[in-house]
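These are my notebook entries on one protein structure. I looked up one topic at a time and wrote down what I found.

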Amino acid sequence: MRIRLTAVVALSALLGLTACGGSDSAESDGPVTLRMTTWSANEAHLKLFNDIAAEYMAANSKVTKITFDPIPFENYTTTLTTQIAGGNPPDLAWVLENSAPDFVNSGALVPLDDTLKGTEGYTFDELAPAATKLWKTDGKLYAYPFSTSPFGVFVNTDLVKAAGAKSPAELIAAGQWTWANALATGAAVNAKTGKAGLVVRDFDYKGWDNLSTIWTGWGARAWSEDGKSCGFNSPEMVEAMTTLHKGIFVDKALPGPGTTADFFAGEAGMTVTQISRASLLKGQKFGWDLVPLPAGPKGEYAVIGQGGMGVLKKGKHADAAADFLAFLTNPTNSAKLAQFFPPPRTSQLTAATLAKTNPLLSPEQLQKVVIDGIAKGVVKPSHTGQAELSQAVRAALDPLWKADADVKGVLDGVCSSINPLLAK
């Protein structure tokens, strides 16, 4: 409960920041230091950011230090908003897609249009409208969508072969890559090898929105397009969650609550995640593949996770931060970031371009999972008041993660819990 209240209070404070901006004037004549929060502590990611920052500082002597501050993913937004409310805001921040409505609509972020459009060679017009939609309000862009990353399935082909199952690639070739077959493969891996079958990365029975990578295949939604109606007890969601529940507790296709398995350490046959994790495969000795999400009863689909880079209005150096953001995301550096984070620039969303900076992935994998996924994907659930909503959904879903759970009853309870929040 304390975590829930902290998140809600912090976001409530954030929402009151519209008229309270920071500025560069207080320290305009002195050296500038910038801090940017991220949810990645990946060494390869941080090295790239630091290399780009060093290049920027070499050409901008006023900025003497740029630091990147990793915050654990599971409590990223809570920590960030607490920093803002506590008077210690970063100058720039990554923003998760599920928090985008709160950050974009609250006035906490600096509009970026003038800075980006005014930067020589930036080519602002090639930012894809589908990528920027979540980060805009009243026609203004409040965060740069540095990562528009569809989810795919990484496969440990050695474990699947050891289980005597057809590989996802073989199932795709036969037109049989479905959730039914994916779960059957996961069950076979667990039964024959003792390893986990399928892991939804970053779910861990807490990050429920990552399950949208599954239920979207049934045509289910957490809530309606306008955000006013609960979708958790719809027939489509009940069917999807019943299938998932059976996969966990009956077929053992997914590890159960309290059990962890890291695909990238060779502990699982498959994992649902994004291509930014591909760098974790470097040096691994097992065979692997990357394929699109399995088809659901409603056919083929894709789900996208997005990350935005924004400049905090309460930061000490908003102008300098916006200028650095323009440099960090210009066409040259966007191409560098593309090795981890699929870019929003239409000129760079080609298999050939992405392959140059993603040597671990084949052009075919990049086309089918990333480019095709961006073209047809839906973004993970997001809503204003996301922190409170997310905690309410998580708490209401807890009874589902038991072998004897009443799936429909639990999902009815989710809607009972969040309907008052959706009505706000």
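**Entry 1: salt bridges**

How many salt bridges does the rule count? I found a count of 14. I note at once that the model is a predicted one.

I began with glutamate 55 and lysine 336, whose side chains meet in a salt bridge with an N to O distance of 3.6 Å. Glutamate 55 belongs to helix H2 (residues 43-59) and lysine 336 to helix H13 (residues 331-337), so this pair ties together parts that are 281 residues apart in sequence. I then looked up how accessible the two partners are. Glutamate 55 is partly exposed, at a relative accessible area of 43%, and lysine 336 is also partly exposed, at 29%.

Next I looked up aspartate 262, which forms a salt bridge with arginine 201; their closest N and O atoms are 3.4 Å apart. This pair, too, links distant parts of the chain, 61 residues apart. Aspartate 262 sits in the loop between helix H11 (235-249) and strand S8 (268-274), while arginine 201 sits in the loop between strand S7 (196-200) and helix H10 (212-215). Aspartate 262 has 30% relative accessibility and counts as partly exposed. Arginine 201, at 21%, counts as partly exposed; the cut-off for buried is under 20%.

I also recorded the salt bridge in which the side chains of arginine 221 and glutamate 225 meet, at 3.3 Å from N to O. Is glutamate 225 buried or exposed? Glutamate 225 is exposed, with a relative accessible area of 66%, whereas arginine 221 is partly exposed at 41%.

Finally, I noted a network of salt bridges that links Glu97, Asp209 and Lys380.

**Entry 2: two domains**

I looked up the domain assignment of the protein chain. It gives domain 1 as 32-149 + 305-377 and domain 2 as 150-303 + 379-423. The C-alpha centres of domain 1 and domain 2 are 27 Å apart.

How many residues of domain 1 are in contact with domain 2? I found 28 residues of domain 1 in contact with 30 residues of domain 2. Between them the domains bury about 2400 Å², of which 64% is on carbon and sulfur atoms. On the side of domain 1, Ser149, Leu360 and Val369 lose the most area to domain 2, and together they make up 24% of what that side buries.

I then turned to the polar side of this interface. The rule finds two salt bridges across the interface of domain 1 and domain 2. I also looked up lysine 376 and glutamate 300, which form a salt bridge with their closest N and O atoms 3.8 Å apart. Six residue pairs are in polar contact across the interface. Helix H4 (100-106), strand S6 (144-156), strand S10 (303-311) and helix H15 (363-376) are the elements that give two or more residues to the side of domain 1 that touches domain 2. The largest share of that side, eight residues, comes from H15.

**Entry 3: nonpolar cores**

Which residues touch the most other members of the largest nonpolar core? This core has 59 residues, and I listed Trp179, Trp215, Phe232, Met241, Leu397, Trp401 and Ile418 as those residues. Helix H17 (residues 407-422) gives the most to this core, with eight residues.

I followed up leucine 397. Not counting residues up to four places away in sequence, leucine 397 touches Trp208, Met241, Val410, Leu411 and Val414. Another core, of 52 residues, lies apart from the largest one; Phe49, Leu80, Tyr122 and Tyr144 are among its members.

**Entry 4: a buried arginine**

Where is arginine 35 found? I located arginine 35 in strand S1 (residues 32-38). Arginine 35 is buried, with a relative accessible area of 17%. A polar atom of its side chain lies 2.9 Å from the backbone oxygen of asparagine 88. Beyond its neighbours within four places in sequence, the contacts of arginine 35 include Thr67, Asp69, Gln83 and Asp91.

**Entry 5: positive phi**

Most residues other than glycine have a negative phi. Threonine 123 has a phi of about 50° and is found in the loop between helix H5 (113-117) and helix H6 (129-132). Aspartate 138 has a phi near 50° and is found in the loop between strand S4 (136-137) and strand S5 (140-141). Threonine 123 is partly exposed at 42%, whereas aspartate 138 is exposed at 77%.

Notes:
Residues are numbered from 1 along each chain as its sequence is written. This is a predicted model: local features need pLDDT of at least 70, side-chain atom pairs count only at pLDDT 80 or more; totals for chains, interfaces and linings use all residues. Side-chain values use heavy atoms; hydrogens and water are left out. A nonpolar core is a set of buried Ala, Val, Leu, Ile, Met, Phe, Trp, Tyr and Cys residues joined through side-chain atoms within 4.5 Å. Buried means under 20% relative accessible area, exposed over 50%, partly exposed in between (1.4 Å probe, protein chains only). Helices (H or I, at least four residues) and strands (E, at least two) are DSSP runs, numbered from the N terminus. Contact means heavy atoms within 4.5 Å. Domain bounds come from an automatic or database domain assignment. Buried area is the accessible area (1.4 Å probe) that two parts lose on being put together, summed over both. A salt bridge is a side-chain nitrogen of Lys or Arg within 4 Å of a carboxyl oxygen of Asp or Glu. A polar contact is a pair of N or O atoms within 3.5 Å; within protein, one must be able to donate a hydrogen and the other to accept it, and residues adjacent in sequence count only if both atoms are side-chain atoms.
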